[in-house]
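Please look through the model below before reading on. The text then takes its parts in turn.

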Amino acid sequence: MSKCVELNKKLLELAEFHGEELDAFLPRWMEATEIIGLSDENVEFAINEFIPTNWDIKFKGLRMMIGAFLREIVDLVVGARENKKEGKPVVYGIIPCVPLSYYTMKSARPDMYVGFPDFLLVNTINSFFHNAAPYINYAEEIGFTYGCRHCPLNKMRVSAFAKKILVAPNVIWSWGMNCDEGPKTDEFIQCLVGEEWTAVVSRIAHDTNIDETDYEDQERIKYLSGVFKDGIRQIQELTGIEINETALKDAQAKNLKYSFKYGQLVSLVCKADPVPIGGNALTQFAMPMVTAFNNGYTYMEPAIDVLLQEIRAEIKAGSGVTPKGAPKLGSYFVPFCIPWVDRLFRENGVATTFSETMTPSKSQMSPHKYATDIYSSFAEEWLRLPMGQNMGCEVESMVEKVNANQPDGMLMGFFDFDRWLGAHQKMCADLVEKKTGVPHFYMESDFWDDRDYSEEALRTRIESISQLLYMKKEMN
């Protein structure tokens, strides 16, 4: 395990920890490395090679973003453990979901722990240390078979509980309508580790017609508001937290404020020529809007504020990650856990930019029709998200974002672990390409886990896509 204090201090300084804050955080970070199993070699590789090679660390805002993720890891493996000993609530979630539900809990009870453990572990360990493979391998060794291509998030959750990285929560609030394996994985874990906890499973049926707009369906809003209300009722009973309307409104206001800033960042980057920062960074800054951070926006919002200033200065100076006039590539998900994909495109003169799923649509930023009914307002927000809509409604949102951000091409794929979304993306790619005229490219890969492919394995495909984008640009 990691023992070198100076080495870890250097990592934290890279992530914009300084002075008294650094001194206070360092012992907790060292404790976290022991629990997780990050060695001195892992930390040194991150500092000297992986982070500077794959992330635009000249930007202070980006370095602050890395620091925000490190804080979340410490809260997850050290803070939640402390909460458990002190009898304070620990609530886990599973993506995808509306994180407002979890931020509402934090607003009502600031000293509780909320977070999405599998997501935080996979994303942080792979994005900045490139070391999630040992954890995923271990899950397969103890029975989570490789051959079925289970989601690496579920594998990480299995491994983290088996290795005692995670403490058992009071409750896991699961939005099982998307991850059909999530609740069953939790049952498997409880059998494996001999601990029990309660699962609250909220569901939204994917049963609207392709020509319907989910968030305009009053019956659907009514149904989902009831699902929210029932979920929060169960959480209150299981944890003793009292969640009132003030907490609900506070969570919603903070989310809207951050979403607006994130939309500004995406717009600046996509309209700039040359592109000032990579798409992997844009995607990471979206994370507090799609998954619950225990610290909410406390550290991510200052980071995005600093980055917005830096990006404006970069645009004014005419600086970028690729030459002026280079092709721009949007995506369904920029593979943020595999940041070297972004780098390979840059090496071929192409800049990755926005994510269709992460970028807020006009409907997401529009005033709520149900402002006087907070539960209906939450439901409306969920149905405005891509993951809450039928494919036809989502395709129209994709078309809107492609037309607004004007990429030269769109990258789809990295979803071969998901039985539903893998096929869904292929159909969406065909529909959006026909409606926008922007070429779409599909790559069979996994954006959580790159054990089965390497830079060399994808390089030829990336070179081919890049050449086609340059040919298209020349023809136009």
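Predicted model: local features only at pLDDT ≥ 70, side-chain atom pairs only at ≥ 80, totals over all residues.

Residues are numbered from 1 along each chain as its sequence is written, and side-chain values use heavy atoms, with hydrogens and water left out.

Start with the strands. Helices (H or I, at least four residues) and strands (E, at least two) are DSSP runs, numbered from the N terminus. Strand β3 covers residues 171-174. Val171 and Trp173 point one way from β3, while Ile172 and Ser174 point the other way. All are buried, meaning under 20% relative accessible area; exposed is over 50% and partly exposed lies in between (1.4 Å probe, protein chains only). Strands count as paired if DSSP finds at least two bridges between them. β3 pairs with β1 in the parallel sense over 4 bridges. Val171 is the bridge partner of Val91 there. β3 also pairs with β4 (residues 198-201), again parallel and over 4 bridges. In that pairing, Ile172 has Ala199 as its bridge partner.

Now turn to helix α17, residues 374-384. Why is α17 described as largely enclosed by the rest of the structure? Because 11 of its 11 residues are buried. Among them are Phe378, Trp382 and Leu383, but also Glu380, Glu381 and Arg384. The cover includes α5 (100-108), α10 (218-239), α11 (245-271) and α16 (362-365). At the start of α17, a side-chain oxygen of Asp373 comes to within 3.2 Å of the backbone nitrogen of Tyr375.

Next, the core. In soluble globular proteins, nonpolar side chains tend to be buried together. A nonpolar core here is a set of buried Ala, Val, Leu, Ile, Met, Phe, Trp, Tyr and Cys residues joined through side-chain atoms within 4.5 Å. The largest one has 164 residues. Trp29, Tyr92, Tyr262, Phe285 and Trp448 touch the most other members. Helix α4 gives the most to this core, with 13 residues.

Charged pairs come next. The structure holds 33 salt bridges, each a side-chain nitrogen of Lys or Arg within 4 Å of a carboxyl oxygen of Asp or Glu. One joins Arg346 and Asp56 at 2.7 Å, N to O. Arg346 is in helix α15 (residues 340-347) and Asp56 in the loop between α3 (40-54) and α4, 290 residues apart. Arg346 counts as buried at 19% relative accessibility, and Asp56 is buried at 11%.

Another salt bridge joins Glu347 and Arg459 (3.5 Å, N to O). Glu347 lies in α15 and Arg459 in α20 (residues 455-475), so the pair ties together parts 112 residues apart in sequence. Glu347 is partly exposed, at 48%. Lys435 and Glu396 meet at 3.2 Å, N to O. They lie in α19 (residues 421-436) and α18 (residues 391-405), so parts 39 residues apart in sequence are tied together. Shared partners join Arg343, Glu347, Glu455, Glu456 and Arg459 into one salt-bridge network.

Finish at Lys88, in the loop between α4 (60-86) and β1 (90-94). Is Lys88 buried or partly exposed? Lys88 counts as partly exposed, at 26% relative accessibility. The C-alpha atoms of Lys88 and Arg109 are separated by 9.5 Å.

Definitions and conventions
Contact = heavy atoms within 4.5 Å. Polar contact = N/O pair within 3.5 Å; in protein donor to acceptor, adjacent residues only side chain to side chain.
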